[in-house]
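Here is a quick tour of this model, with the sequence and the fold side by side. We'll start at a single side chain and then move on to pockets and cores.

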Amino acid sequence: MAVHLGPNQYGKAENRVVRVYRDTARHHLRDLNVSSALRGDFRDAHISGDQGAVLPTDTQKNTAFAFAKEQGVGAIEEYALTLGGHFIDSTPRADGARIEVHEYPWDRIEVDGAGHDHSFVRAGGGVRSTVVNIDGRGPDRTAHVVSGIHDLTLLKTTGSEFHGFLKDKYTTLQETDDRILATSLVTKWRYEHTDVDWDASFASIRALLLERFAQIHSKALQQTLYGMGESVLEQHPEVSEIKFSAPNKHHFLVDLSPFGVDNPGEVFIAADRPYGLIEASVVRDDASDPGSAWHGVPGFC
């Protein structure tokens with residue numbers, strides 16, 4: 001039987017890097033979850049156990065923490081690009097690197113109407129993320145950046161319909177022209193290049209996604225996602241495509257009639273499972289070839 005080594009990579013997952021800037025009495029906090037992986041010619045490590053070409057995962061961990069101090073943590077995309085480039089330069093057998101960073105938001109605790117200098121509370125509103133894939137060495141090196149947000153929980157109490165759907169003998173769902181629409185959104189978008197003001201682009205895209213979710217009168221979650229993605233591509237030329245994975249967080253009207261109580265769309269049960277899962281991509285007609293941009297980015301069609 002002939003066999004050979006297929007695609008492989010190795011790295012250090014989920015390094016919890018917390019960087020505190022305390023240059024002044026008013027501290028600043030960046031809270032990251034950093035995962036790194038290298039791919040390339042690591043056949044000897046798998047076939048014979050020879051680790052001579054392997055940069056240890058422990059070294060990758062140490063570098064993630066050291067760079068948080070030496071390079072600082074600005075935009076997570078820039079941090080990931082710097083880290084990935086360094087790993088390829090430090091590992092002669094590597095021809096690709098993947099760096100994924102999640103950033104957890106914190107707000108200042110308010111005391112007497114003002115944000116405290118060094119006390120924080122974990123904020124809601126989603127977790128920012130980026131996945132950077134770097135390929136090649138020297139002048140032939142290319143970098144792909146996919147950024148996004150997850151755990152962005154959205155809900156509208158009206159302005160959503162669902163009717164006219166296909167029915168068969170197993171269909172029991174009732175049509176409605178007024179329902180709650182809710183989701184815990186995961187969305188990621190691919191940048192066309194790396195000449196981007198990362199923080200400004202992220203803030204603008206996030207605000208636009210929220211705005212369009214609220215504005216669109218939804219006939220289906222699919223229609224809402226497409227409208228959100230279309231607006232992002234219209235207003236952000238630096239973005240080539242955007243992908244969504246959106247569970248439909250169902251809210252069912254509770255029947256209170258056995259108790260002689262009317263319920264005109266006011267009391268619901270929030271069902272956590274099973275749930276509809278809607279996935280979609282919105283892509284520019286002239287988008288560049290994604291290459292390895294989506295490598296190791298699970299959960300999208």
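The side chain of Asn-133 comes to 3.4 Å from the backbone oxygen of Ala-293, a polar contact (N or O atoms within 3.5 Å; within protein, one must be able to donate a hydrogen and the other to accept it, and residues adjacent in sequence count only if both atoms are side-chain atoms). Keep in mind that this is a predicted model, where local features need pLDDT of at least 70, side-chain atom pairs count only at pLDDT 80 or more, and totals for chains, interfaces and linings use all residues. Numbering runs from 1 along each chain as its sequence is written, and side-chain values use heavy atoms, with hydrogens and water left out.

Asn-133 sits in strand E6, residues 127–135; helices (H or I, at least four residues) and strands (E, at least two) are DSSP runs, numbered from the N terminus. Asn-133 counts as buried because its relative accessibility is 0%; the cut-offs are under 20% relative accessible area for buried, over 50% for exposed, and partly exposed in between (1.4 Å probe, protein chains only). Beyond four places in sequence, its contacts (heavy atoms within 4.5 Å) include Arg-39, His-144, Ala-293 and His-295.

Now for the pockets. On a 1 Å grid over the protein atoms alone, a pocket is an open set of points where a 1.4 Å probe fits, with protein on both sides within 12 Å along at least five of seven lines, and lining residues have an atom within 4 Å of a point. Points are joined across faces, edges and corners, and the volume is the space filled by probe spheres set on them.

| Pocket | Volume | Lining by class |
|---|---|---|
| Largest | about 560 Å³ | 10 nonpolar, eight polar, four charged |

Strand E10 gives the largest share of the largest pocket's lining, three residues. Residues lining the second largest pocket include Tyr-104, Trp-106 and Arg-206.

Finally, the cores: sets of buried Ala, Val, Leu, Ile, Met, Phe, Trp, Tyr and Cys residues joined through side-chain atoms within 4.5 Å. In the largest, with 52 residues, Val-34 and Tyr-79 touch the most other members. Helix H3 (residues 76–90) supplies the largest share of this core, seven residues.

Methods: Nonpolar A, V, L, I, M, F, W, Y, C, P; charged D, E, K, R; others polar.
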